[in-house]
Amino acid sequence: MPAYKLTYFNARGRAEPIRLLFAAAGIKYEDVRIEGADWPALKPKTPMGHLPILEVDGATLCESTAIARFVAKRAGMVGKDDLEEAKADMIVDGVKEVFRKLLTMFFEKDESKKEELKKDVFEKTLPECLRSFGKLANPSGYFVGDSLSWADVEFYNLMEMVRPSFPGDLLKDNANLAKVIANVGGNPAIAKWIKERPESAF
Amino acid sequence: MPAYKLTYFNARGRAEPIRLLFAAAGIKYEDVRIEGADWPALKPKTPMGHLPILEVDGTTLCESTTIARFVAKRAGMVGKDDLEEAKADMIVDGVKEVFRKLLTMFFEKDESKKEELKKDVFENTLPECLRSFGKLANPSGYFVGDSLSWADVEFYNLMEMVRPSFPGDLLKDNANLSKVIANVGGNPAIAKWIKERPESAF
């Protein structure tokens with residue numbers, strides 16, 4: 001029985017999809033959250049100088065997407081063949097592109113530049129993404145096959161991140177994506193984790 | 001025998017790792033290069049509005065990293081188990097982070113901002129990346145196991161992109177990474193492709 005140790009800051013941030021996947025799969029893991037002050041000492045011990053990292057079977061993995069894919073594979077949530085796996089991968093790549101634009105927006109210090117970025121995300125990035133994704137999800141609310149995959153979970157997590165900055169029903173004309181959200185949010189293990197997880201600012 | 005059709009612009013750009021992998025694996029594919037003027041008509045037919053795309057087995061995949069991973073799997077170049085696959089994934093994620101910073105630098109129009117970005121890549125991004133990667137590659141010059149994987153190929157392609165902006169031997173104190181470059185560049189099928197591939201500006 002392998003031991004999994006996930007290390008990140010006390011935040012949902014880049015680690016939350018991984019935690020959601022562990023929950024969905026019912027896989028036990030150590031959910032380590034470090035203080036900012038402890039990061040400089042830990043940084044040189046990580047493979048690439050950033051978090052999250054996952055320690056498992058004597059190896060240390062980094063890069064949140066790589067870790068999430070690894071956990072999803074162990075959970076049987078990647079799709080049933082290499083084409084389905086690739087479809088899940090491309091959805092997640094698309095999710096991460098939006099995620100990066102959100103982060104750039106969040107971290108922009110110049111207020112007028114920030115407003116510009118926010119406008120671009122709301123008027124272009126998000127609608128284009130949701131339009132494409134709506135055609136890639138099926139009417140049962142799954143991106144891949146007929147059961148929950150990590151692509152659905154990553155999309156759900158993205159929408160959770162988006163909502164505080166862009167309230168309102170972004171999915172009101174997007175039945176497939178609304179169903180994806182319902183499938184993920186309605187998964188009992190995921191719902192339980194969301195209810196019980198530690199509070200954090202982001 | 002599946003038919004593979006890769007579509008991109010006439011450029012190495014985001015498609016070249018895929019082409020290198022097809023070459024290394026000896027897998028035949030249609031290497032379609034479109035003119036810029038033809039892009040607006042094609043764009044709405046792509047899954048997410050960008051290139052490259054790969055059409056195979058009646059499906060269309062997008063996102064260059066996803067496509068490269070898919071081809072690498074079919075080529076047996078992803079690693080022998082899920083931990084090795086994750087290690088290759090994290091290397092490639094790291095490569096893409098540097099790639100994105102290079103692109104931001106290339107496309108910056110403000111000359112003084114561009115110089116700033118170039119300085120940051122040269123003094124921070126690249127050295128930190130090469131330092132981490134040097135510890136993750138083994139002395140035989142492979143990131144994963146003891147044979148060529150897509151992680152080695154993606155790293156090789158990154159260094160090809162870096163070199164015009166940052167000439168000089170960036171790997172002179174990095175024996176492991178020099179060996180990775182030698183392994184990829186010395187692979188006969190890859191060397192043949194590099195010699196014979198269409199010329200393009202980038």
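**Note on domain contact and salt bridges**

1. B:R69 and B:D89 form a salt bridge, with 2.9 Å between the closest N and O atoms, a salt bridge being a side-chain nitrogen of Lys or Arg within 4 Å of a carboxyl oxygen of Asp or Glu. This is a predicted model, in which local features need pLDDT of at least 70 and side-chain atom pairs count only at pLDDT 80 or more, while totals for chains, interfaces and linings use all residues. Residues are numbered from 1 along each chain as its sequence is written, chains are lettered from A in the order in which they are written, and side-chain values use heavy atoms, without hydrogens and water.

2. Chain B is divided into domain 1 (4-75 + 189-196) and domain 2 (82-187), with bounds from an automatic or database domain assignment. The contact (heavy atoms within 4.5 Å) takes 16 residues from domain 1 of chain B and 15 residues from domain 2 of chain B. Across this interface the rule finds one salt bridge.

3. In chain A, A:R19 forms a salt bridge with A:D31, the closest N and O atoms lying 2.8 Å apart. The pair links distant parts of the chain, twelve residues apart. A:R19 is buried at 0% relative accessibility, whereas A:D31 is partly exposed at 23% (buried means under 20% relative accessible area, exposed over 50%, partly exposed in between, with a 1.4 Å probe and protein chains only).

4. A:E84 and A:K80 also form a salt bridge, at 2.9 Å between the closest N and O atoms; A:E84 is buried at 16%, while A:K80 is exposed at 68%.

Definitions and conventions. Helix = DSSP H or I, 4+ residues; strand = E, 2+ residues; numbered from the N terminus.
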